[in-house]
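Subject: Structure handover

Hello,

Please keep it open while you read my notes.

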Amino acid sequence: MSARGGVVYLVGAGPGDPGLMTKRSLDLIASADAIYYDRLIPTGALDGAREDAELIYVGKQPGVPSVPQAEIGERLVEAGKAGKSVVRLKGGDPFVFGRGGEEGENLREAGVEFEVVPGVTAGVAATAYAGIPVTHRDDASAVAFVTGHEDPEKAETALDWDALAAFPGTLVFYMGVKRLGENAAALMASGRAADEPAAAIERGTWPGQRTVTATLGTIAETVEREAIKAPALIVVGDVAGRREALHWLERRPLHGRTVVVTRARAQASGLAKTLRGLGASVVELPAIRIESRIGDDEVRAAASAIRDYDLVCLTSPNGVKLLFEALTAAGRDARALADATVAAIGPGTARALAAHGIAADVIPERFVAEALVEALADVDVEGKKVLVARAAEARDVLPDALRERGGEVDVVALYETVREAPDEKAVAAAQDAEYVTFTSSSTVTNLLEALGDRFPSQALIVSIGPITSATVRENGLEVAVEAERHDVDGLLEALLADAAAS
Ligand code: SAH
């Protein structure tokens, strides 16, 4: 509850790309008691909501029964009067064809406080993502946002087609697909030139954004032929012709390509975000999940006795995170590693160590166990106590080699990777994938076992390195791309090179 009693926030969620949500919208979503949301809000828009927040869908979908507007109004009033902090979340901007005005009036009448949080409206966002500037020094000194589909209950049309035809600038039609034929004809009948450039933008800023261009005279048949569906904007104006020089979305290196990320959910976000930034549609299909084992006796014993080890080897960023959790649980901190030589299998692991104030002494150039063995060649392990802290299912290359050189090696499993049940929606979305990325052998085996013949066999497999590739081949599949550097950045580089070549 806020200090001033209930407040209803009429919030714009932007046109679809989650990155276009405002900071204020995210802050309010994070603190709301209740969120009444529409259909066209960005994927994941409610992820930051409180666990105990009420999330209530009140969207409207053409042809499907929905909560009537009057009832939405009543519910907002009720929630406001109950003293709640209420977010009314709408696509785009709440005051641009969003009925935010009506809802505000209704709240004021009922004596409920409200605030308005503007959002990025489709009319400027979808156009910008399509490479169409709604104004331009040479082509358009004004822009009009027009509804292409008025309230069917209205008796008379409010649109003055003569005035719109004479409007000295760009016309942007919202809700304009259904009546496009009639509207274009009305504009031309009122004198707008048939050869004026026009465009239609479907699902602007969403992963599947599509744009078609034509002229005012041909836009209706083009939209029909290309099966452009709502939500879509229709743009009429010379600026639509600027797209050829200004389109940028389609130029991104992975535009239009679907890439499956199979890493554990907790680790996938960085890779997924980078891929999305390069234009890919990312399907997160985690094959594995990390299960901590730091409660096990062997881990607790190793953490308590950490000062006794002369050499501590870590083989993944996860391992680092969990080792420090185990140290904390044992009442210790980074100082317990002060006298040990610390080896990291690669730069990711070294970075994770650095975040805890430990600069790794040994980091091999290639990120496989064999390379770490080589890199440790100069470290004297004869008679020394060595701790290898790693995943339960890791290979024994490193401990075996260190034992052979006379080390007294303790191996502890900080975590184990277990199979994650596949999400059906993600499996369906993965079927058209162009690339499936694998960052470890365990992701390969677990995903293949989980999917069976639903593995998208047409997809090109991108592997992080030779060990993962071998597991792919053992399972009867081909590796299309293998990273030269065996970390996530190396995998990305290899994928990009392949995409550029094809
Ligand atoms: N308040 C919203 C508009 C809601 S009206 C805003 O400010 O954007 C719904 C119409 O908006 C759709 O029929 C379509 O014309 C347009 N629209 C909304 N999101 C869109 C998108 N991502 N791409 C293209 N048009 C969109």
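Predicted model: local features only at pLDDT ≥ 70, side-chain atom pairs only at ≥ 80, totals over all residues.

Residues are numbered from 1 along each chain as its sequence is written, and side-chain values use heavy atoms, with hydrogens and water left out.

Domains

The assignment gives domain 1 (7-119), domain 2 (124-249), domain 3 (258-287 + 420-501) and domain 4 (291-418). Such bounds come from an automatic or database domain assignment. Taken over C-alpha atoms, the centres of domain 1 and domain 3 are 37 Å apart.

Ligand site

Now the polar contacts, meaning pairs of N or O atoms within 3.5 Å. A side-chain N or O atom of Thr121 is 2.6 Å from an oxygen atom of the ligand. Gly91 places a backbone N or O atom 3.0 Å from a ligand nitrogen. Met175 has a backbone N or O atom 2.7 Å from a ligand oxygen. The ligand taken alone exposes 540 Å², and the protein buries 90% of that. Areas are from the Shrake-Rupley method with a 1.4 Å probe.

Helices (H or I, at least four residues) and strands (E, at least two) are DSSP runs, numbered from the N terminus.

Cavities

How many cavities of 30 Å³ or more are there? The count is two. A cavity is a set of points on a 1 Å grid over the protein atoms alone, where a 1.4 Å probe fits but cannot get out; lining residues have an atom within 4 Å of a point. Points are joined across faces, edges and corners, and a volume is the space filled by probe spheres set on them.

The largest cavity holds about 50 Å³. Its lining has eight nonpolar, two polar and no charged residues. Helix H6 (180-189) gives the most, with four residues. E10 also supplies at least two. Among the lining residues are Phe173, Leu180, Asn183 and Ile234.

The second largest cavity has a volume of about 30 Å³. Its lining is four nonpolar, no polar and three charged residues. Arg307, Arg335 and Asp339 are included in that lining.

Backbone

Most residues other than glycine have a negative phi, and most peptide bonds are trans. The bond from Ala230 to Pro231 is cis, with omega near -5°. Pro231 sits in the loop between helix H7 (219-225) and E10. Arg99 has a positive phi, near 60°. Arg99 lies in the loop between strand E4 (85-90) and helix H3 (100-109).

Best regards

Definitions and conventions
Polar contact = N/O pair within 3.5 Å; in protein donor to acceptor, adjacent residues only side chain to side chain. 1 Å grid on protein atoms, 1.4 Å probe; cavity = no way out; pocket = protein on both sides within 12 Å on 5 of 7 lines; lining within 4 Å. Nonpolar A, V, L, I, M, F, W, Y, C, P; charged D, E, K, R; others polar.
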